[in-house]
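Let's take a walk through this model together, with the coordinates open beside the text.

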Amino acid sequence: MTIVAAPGLEHRLKREISGDVWFDRFTRGRYATDASHYQMMPIGVVAPRSVAEAERVIALARTEGVTVLPRGGGTSQSGQTVNHSLVIDCSKYLNRILDLDVAGQRCVVQPGIVLDDLNRQLKPHGLWFPVDISTASRATIGGMAGNNSCGARSLRYGVTRDNVLSIDAVLADGSAAHFGAVSAGLRELPAGSPLRAVAEDVLAIGMRESDEIAVRFPKVQRRVGGYNLDALAANAPVHNLAHILVGSEGTLGFSTKIELKLWPLLGRRAVGACHFGRFYDAMDAAQHIVKLKPIAVELVDRTMIELARNIDMFRPTIDAFVRGAPDAVLLVEFAQDEWKENLERIRELEALMGDLGYAWDKAGARQGGVVEVLDPKLQAAITEVRTAGLNIMMSMKEEGKPVSFVEDCAVPLEHLAEYTERLSRVFEKNGTRGTWYAHASVGCLHVRPVLNLRLDRDKQAMRSIAEEAFAFVREYKGSHSGEHGDGLVRSEFHEAMFGARLTRAFEEVKDRFDPGHLFNPGKIVCAPKFDDRANFRYGPGYRGKPMTAALDWSAYPGVGGGFQGAVEMCNNNGACRALAGGVMCPSFRVTRDEKDVTRGRANTLRLAVTGQLGPDAFASNEMAETMKLCVSCKACRRECPTGVDMARMKIEVLAARAATHGLSLYDRLVGYLPHYAPVAARLPWLFNLRDSLPGAAALSERIAGFSARRSLPRWRSDWFRDPVSSLPRLPARSGEGASSSSPVEAAGSPASGGGGGRAVALFADTFNRYFEPENIRAAMKVLRAGGYDVQIATPADGARRPLCCGRTLLAVGRVDEARREAERTIAAIEPLVASGLPVLGLEPSCIFSFRDEVPAIMRDERAARIADHALLFEEFLAREANAGRLALPLGPLAGRVLLHGHCHQKAFGAMGAVEAALRLIPDIEVEAIESSCCGMAGSFGYHAETIDTSFAMGELSLLPAVRKAPRDAILVADGTSCRHQIKDGAGREAMHVARVLAQSLTVM
Ligand SMILES: Cc1cc2nc3c(=O)[nH]c(=O)nc-3n(C[C@H](O)[C@H](O)[C@H](O)COP(=O)(O)OP(=O)(O)OC[C@H]3O[C@@H](n4cnc5c(N)ncnc54)[C@H](O)[C@@H]3O)c2cc1C
Ligand code: SF4
Ligand code: SF4
């Protein structure tokens, strides 16, 4: 790892620009990787607030002799977005639409705007930018132009280059220039203008090399290697100077404005999923299928189908469109103007498959046919599986991982079958394998052989595979760089692919634009060897430092009992940087800071556990800052395609920190809440003074850090007391009827309804018990009305302090004490579970602790058994209803239900259950609010340091939606903190689903 100090530059940048300037080791480490297998430590990172500031940054870097690397989302796969340079991050502030001409179907944008974000803003105008790449949720237009990115529908829309009209850029000498279409005499560029001389020279290079370009440039649509000299050749249809910048990977200039061609939105589409019994035949069929003029033909192979089938989120989709066990499926998409034409194309596709010899009733290679997919929702779900393709493969936990270096070669369709077969044999010869997927329509299939780049043997295999693969591609007159760009992976091979003459021409272009190699040196021209381990993420000397982890990571390799392997699961693809949809990563959506995204945190942890951030990095203040805005929503656990579980990893950091630094007063008050709650509940008037006595809230902020702008939960005199004699009881034997034994809360005893006394255990969590006991009472009422014998889980040790899952202690890193707390609860619940009772709870974060963290800290069978039996109240009702065992006497309610899901409900796929439970109410209308985290996230929203972020997170979607809701709408939120946030942020009361069901009971 090269560490270059540039104190003069840092000082001047901080003085002269208002944007962010970071030169610390932690931040630089977060910008040292992209989605490739490389790592190069940058000198510093800057996020300029304006183009003028970006220009200033470039000028200062040039003066200080430091090179510059422009960066968008950092999702490149070929190592073009890593360098020992000053990184300029465009994504944080330079992300606006500057001009939109709806009638003319064009817009001008800043480079840092994310594709999905742009398309969300264009949608109301019936337009979109159709280069629909898989990383659309986080890739920026600057990065797409930098890489000349290609979407799945390039058959119809072309690639980025075909849709860029002009680019404004800052050049190496500091001049700003407008690159657009020019006429033969360069009339558009006045003599003496900064671009005129450069344009004359590069056009002359293009003209001079026209013959060589005609011979050596690949004849396939998917080619993004080298500079686009063909755009300047004599036979180019127009000379657009912007096209020399497109695909130049930040090596020629810094784009500040990009003018795009827009297209009308796609209408309804028809998809035919062509099933093939043999992979080779699917590849061979692609050349025939494209004659039917689809807009896309995408491949998913057997391995991908099987991997996706094993992922909860994707299983239903696979089951819906895959028939039997095909070796490959080609998804053929039609989008004709008339719907009936689409159906006609599907019929033609069926006929074609028949002509090729496929039928469902045949066996072996010829078994196959077309599954029609006309439902737009299923089409969208299939797209989601398809675009997650790479990530699905990357979810393998071992040290060997699919590596990107021959993954986007493109060959003419007539050679596709032979090419894939030959390359698969090369993989075998090198002791590895690969999974094929993606763009069969244009002969650009993705494949990543599995290699462990820590091993010299696998590094050598990488070179021999690359050399053989590129030789095949050359033979077929294809392109060795068909989609993901050159970067460090492909540039070395330009001479072999384009020939020495064109390689020299590329160098001339670079020298003419950037003689001092200021911009992203070593990419496209003058590149290092692609297998130089000094540039690898797992470079020489890369190894974990011994550490003891608090949780169970045994599913992974590496130090810390596997913790290292768990953090290395992040492949930097950036799915966590999405700005909308799903939940991950809610704080990033507010700050847009790489530090606040799962990827940034995982990279920081990886560098720390391998000693690259200095000694004691794990428990350092910088690490604490890195984790500070992680709200432990667990969204990454579900939505990160490789399953990076940052909420769990954060517990490790908190534990290390608590061990070395102790706990703050704030942390003590949060962590030990279940311990002092019984005392506070007996003196509610005293403990509630903080929110009624003038000055008390401000004092609590000064002394303990609780924001004075946030009310605290109110202690209640009618808190829920455990039934006195309700020590764990075994379920009532048939005909015995459970007796009510408590003078305080009535326990057991089904009230009415046809349950026949089936028993359930109810876990009364700390929050509902002390602050909203009506929720527990409502749940009991509903369960009894359904005929269930409700047993409250109470301590087995006879102590008066109620049970607790240990969540608050985990939240402050007291893992040993959380373990003791969980142990106590397990001892109480175990006999009930052993006799087959489900354990129900109301607070999602508590119940999901039993399923998630408790087994990880306990590591024993009892914890695993409880994890299997712990259910949310609504999950239990939905399950019972589904099995036909539930008969609740419910009547209609006035008002529509608006539902906000707790992050953990979403992370564990439990939203369907709460909707199903609500739909037990006759005629009810339920609408789920499209929201990420509410922003409260346990104690996060109470702290003076994080309250602003907390409210800003709420304002992203939840709070505006609640404010807009009609007054008679029933707001449902099962999380205690979500209800609190809705009350504080929108002044509305939300209810637990148990209360809504209790209100609709027709028997009291
Ligand atoms: C899982 C996965 C799937 C992918 N799928 C596709 C796909 O379907 N199609 C496809 O084409 N690619 C795909 N990619 C590659 C990548 O996502 C795209 O190339 C994307 O467009 C990069 O955008 P970015 O904002 O992340 O760019 P970055 O990686 O940040 O930058 C890309 C290049 O552009 C340069 N650059 C950025 N901003 C500027 C600027 N202002 N001025 C000058 N140069 C600049 C950078 O220096 C760099 O060389 C995929 C990657 C992954 C990880
Ligand atoms: S944390 Fe997950 S989603 Fe984010 S970049 Fe890493 S692998 Fe991708
Ligand atoms: S737990 Fe939530 S906030 Fe934390 S990294 Fe994962 S998605 Fe982001």
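**Around the ligands**

The shell around ligand 3 is made up of 10 nonpolar, two polar and two charged residues; here Ala, Val, Leu, Ile, Met, Phe, Trp, Tyr, Cys and Pro count as nonpolar, Asp, Glu, Lys and Arg as charged, and the others, Gly among them, as polar. Before going on, please keep in mind that this is a predicted model, in which local features need pLDDT of at least 70 and side-chain atom pairs count only at pLDDT 80 or more, while totals for chains, interfaces and linings use all residues. Residues are numbered from 1 along each chain as its sequence is written, chains are lettered from A and ligands numbered from 1 in the order in which they are written, and side-chain values use heavy atoms, with hydrogens and water left out.

Which residues come nearest to ligand 3? Of the 14 residues around it, they are C585, R601, C630, C633 and C636; a residue is near a molecule if one of its heavy atoms lies within 4 Å of it. Two or more residues of this shell come from each of α23 (598-609), α25 (635-639) and α26 (646-661), where helices are DSSP runs (H or I, at least four residues) numbered from the N terminus.

A cis peptide bond joins M584 to C585, with omega about -10°. C585 lies in the loop between α21 (563-567) and α22 (586-591). Most residues other than glycine have a negative phi, and most peptide bonds are trans.

Now turn to ligand 2. There are 13 residues around ligand 2, and C570, N573, G574, C576 and C640 come nearest. The shell of ligand 2 divides into six nonpolar, six polar and one charged.

Helix α23 has 12 residues and reaches 16 Å from its first C-alpha to its last, close to the 16 Å expected at 1.5 Å a residue; the expected span is 1.5 Å times one less than the number of residues. How many of the residues of α23 are buried? The count is 12 of 12, with buried meaning under 20% relative accessible area, exposed over 50%, and partly exposed in between (1.4 Å probe, protein chains only). After α23 comes G611, whose phi is positive, near 75°.

Helix α14 (residues 376-387) also has 12 residues, and its end-to-end C-alpha reach of 16 Å is close to the 16 Å expected. Its buried residues are L378, Q379, A381, I382, V385 and R386. Seen down the axis of α14, these buried residues fall within an arc of 160°, so they line one face of the helix; the arc is that of the directions from the helix axis to the C-beta atoms. An α-helix has 3.6 residues a turn, so residues three or four places apart point the same way.

**Some single residues**

N520 is not a glycine, yet has a positive phi of about 40°. N520 sits in the loop between α20 (500-513) and α21, and counts as buried at 0% relative accessibility. S632, also not a glycine, has a positive phi of about 50°. The loop between α24 (621-628) and α25 holds S632, which is buried at 18% relative accessibility.

Finally, V993 belongs to helix α44 (residues 993-999) and is buried at 0% relative accessibility. V993 and V914 are 79 residues apart along the chain, and their C-alpha atoms are separated by 7.3 Å.
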